[in-house]
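Please keep the sequence and the model side by side while reading.

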Amino acid sequence: MTISTPKAATPNAYTSRRLFMRLWRGYLSRHKWIMALAFLFMVLEGSTLAALSWSLKPLFDRVFVGGEGDLIWLVGGFIFALFLIRATTLIINRSLLTRIAQKTSTAMQVDLLAHVLTLDGPFFQVNPPGALIERVQGDTTAVQSVWSVLITGVGRDLVALVSLFGVAIAIDPVWTATTLVGAPLLILPTLAVQRYIRRKTDHVRTQAAQRATRLDEIFHGIAAVKLNRMETYQVGRFREIVGRIVRAEVKTAASRAMIPALIDVVTGLGFFGVLLLAGREITSGERSLGEFISFFSAMALAFQPVRRLGDMAGTWQVAAASLTRLYKLFDTEPAIRRAVAARPSDPARTGIRLDDVYLSYGDHQVLNGLSFVAESGKTTALVGPSGAGKSTVFNLLTRMVDPSSGRITVGGDAIDDLDLGALRDLFSVVTQEATLFDETIRENVLLGRTDVSERALETALGAAHVSDFVAALPQGLDTHAGPRGSALSGGQRQRVSIARALLRDAPILLLDEATSALDAASEALVQEALERLSKGRTTLVIAHRLATVRDADKIVVMDRGRVVEEGTHATLVAGNGLYASLCRLQFSE
Ligand code: ADP
């Protein structure tokens, strides 16, 4: 068994350029027309600032100084119109950008979930649910910001900047050049800070995944937390994690502020220089006051766009940290090798054969040359001490894991030659821990199937003894089962899962018997339902009850990952081996 790793594991597979290109091709390009529209409106919004500063020159030189009183209506009206345009573009832009941002991030969420569902046991072994939830929900929202920041930045701020500088240059190119003297100071710090931001953000994302994992574990294990009085301990661990997040976020924010802060310093230098230069020219009468006011306001209005553009690099780095994690997940391939598409060669034959099967989890050898046959249409019981590898056999048959070596066939077909879906269609699995969803009992039995008639459903519910207890529930079949089925008792949950299996009507039944969870009355009901279910099917049962074992067509006794004895109840008891001693143990209880 191998742990899945991204196929494109080289570090430069996730450079900024490649991340952006993948994002563009996969999610952004499909919105290019809406983007173009948003871009146009952004340009409109951005250019209003330049128009505003441009209008100050006639206001000062012709109205205030020149005394052309009538012109004030024209200039005033023009300025008011500019603000009306800004108000309209603001609403349009906000709607367009939100639309794109939401559509891209949710499309990514859907794709990510679909992809994660193709992954298998080994992957979920190392990626806890909380961390995966954080990927699907937290990291995908990073995609939202990329969009808005990019269009806003390029569309509005860059256009504002270029046009404002245009106004400034038109007034005086030398003044304009003077404001830029400090600009080269920005280059090196900007580059250095970007790498730091990426690293810190990656740390924050890792901690956020841990936070989600902790919460998931606590809320799923709420009974254990309370009964073991772990509240303080769990809160303490949670506090540590969020503490780390706070520290990393503060460092990221401080380093992100570095660039706009440097821009402030550079701008201050520029203003100082221009004042020295222009002050002399105005007092000497060389330039008009209107020119200076117009120039100065252009520079002042350029200040916010420059700051925001300076922050764009930081925003991208934050998004890139999440994108790297997302694309690494997208690049993770299933560890279970998928067969081309073969269907079972003869659906009527469902005998199972394991031939010299080995399996280990890391260094832990779980199966050691396991071989046995379960005949078609018969019941085969797996018996043995806890940890012998009985449940592992079920996981192998349904290919939740693959063996390290050995051969497993169903109906004569090697299971790794069969289409994975077709293989899983062969099995109904009923285990001790029936997994119920927090949906109605009806939905829990149907599991999304729409081709089941009401009559077939009722027959299955009756045979599984679900009808018995559902009748007493206030909302009957439409009663919610609670988180993980917690509103039902252990025996009821198991009866629901038997009803599922009856509807599924698969030719092979894998049954992990529950014993301890059930009282005598529900045990009898469950037992009867199970007998109906296994009739006519190839049944492999992990047996705890002597009744099952006694009636089984064959008993396979396992110990430490291999078969130590097999036979019927009578022959094994007579053989006086491990089975006989397990029997004696149960009887003496
Ligand atoms: P049984 O059903 O006979 O009690 P299992 O098949 O559940 O035994 O487990 C066999 C051995 O495999 C146990 O020692 C268990 O610790 C180990 N094991 C099972 N699943 C995993 C897993 N996902 N990762 C690591 N070890 C596992």
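Six strands make up an open sheet with mixed pairing, in the order S6-S7-S8-S3-S9-S10, where two strands count as paired if DSSP finds at least two bridges between them. Strand S6 (427-430) and strand S10 (562-567) are the edge strands of this sheet, each pairing on one side only. The model is a predicted one, in which local features need pLDDT of at least 70 and side-chain atom pairs count only at pLDDT 80 or more, while totals for chains, interfaces and linings use all residues. Residues are numbered from 1 along each chain as its sequence is written, and side-chain values use heavy atoms, with hydrogens and water left out. Helices (H or I, at least four residues) and strands (E, at least two) are DSSP runs, numbered from the N terminus.

**The mixed sheet and the helices on it**

- Strand S3 (residues 379-383) and strand S9 (residues 554-559) run parallel and are joined by four bridges, and Val383 stands opposite Val557 in S9.
- Helix H11 (residues 390-397) packs on this sheet, where it touches S3, S6, strand S7 (508-512), strand S8 (538-542) and S9, contact meaning heavy atoms within 4.5 Å; the direction of H11 makes about 145 degrees with that of S8.
- H16 also packs on the sheet, touching S6 and S7, and its direction makes about 175 degrees with that of S6.

**The antiparallel sheet**

- A further open sheet consists of four strands in the order S2-S1-S4-S5, with antiparallel pairing.
- Strand S2 (364-374) and strand S5 (413-414) stand at its edges with a single partner strand each, so one side of each is left without a neighbour in the sheet.
- Strand S1 (residues 352-361) pairs with S2 in the antiparallel sense over eight bridges, and Tyr358 stands opposite Asn368 in S2.

**Helix pairs**

- Two packed helices are described by the angle between their axes and the distance between the axes.
- Helix H9 (residues 231-283) packs against helix H10 (residues 289-330) at an angle of about 165 degrees, the axes lying 9 Å apart, which makes H9 roughly antiparallel to H10; angles over 145 degrees count as roughly antiparallel, under 35 as roughly parallel, 65 to 115 as roughly perpendicular and the rest as oblique.
- The residues in the contact of H9 with H10 comprise 16 nonpolar, four polar and four charged, where Ala, Val, Leu, Ile, Met, Phe, Trp, Tyr, Cys and Pro count as nonpolar, Asp, Glu, Lys and Arg as charged, and the others, Gly among them, as polar.
- The axes of helix H14 (residues 454-463) and helix H16 (residues 490-504) come within 8 Å and cross at roughly 135 degrees, and the two helices are therefore oblique to each other.
- Ala456, Leu457, Ala460, Leu461 and Ala463 in H14 meet Ala499, Leu502 and Leu503 in H16, a contact with eight nonpolar, no polar and no charged residues.

**Arg500**

- Arg500 lies in helix H16 and is buried, with a relative accessible area of 15%; buried means under 20%, exposed over 50% and partly exposed in between (1.4 Å probe, protein chains only).
- Leaving aside residues up to four places away in sequence, Arg500 touches Thr435, Leu436, Phe437, Asn444, Val445 and Leu447.
- The C-alpha atoms of Arg500 and Ala460 are separated by 7.9 Å, although the two residues are 40 residues apart along the chain.

Terms used: Axes fitted to C-alpha atoms, helices over the stretch in contact; angles between N-to-C directions.
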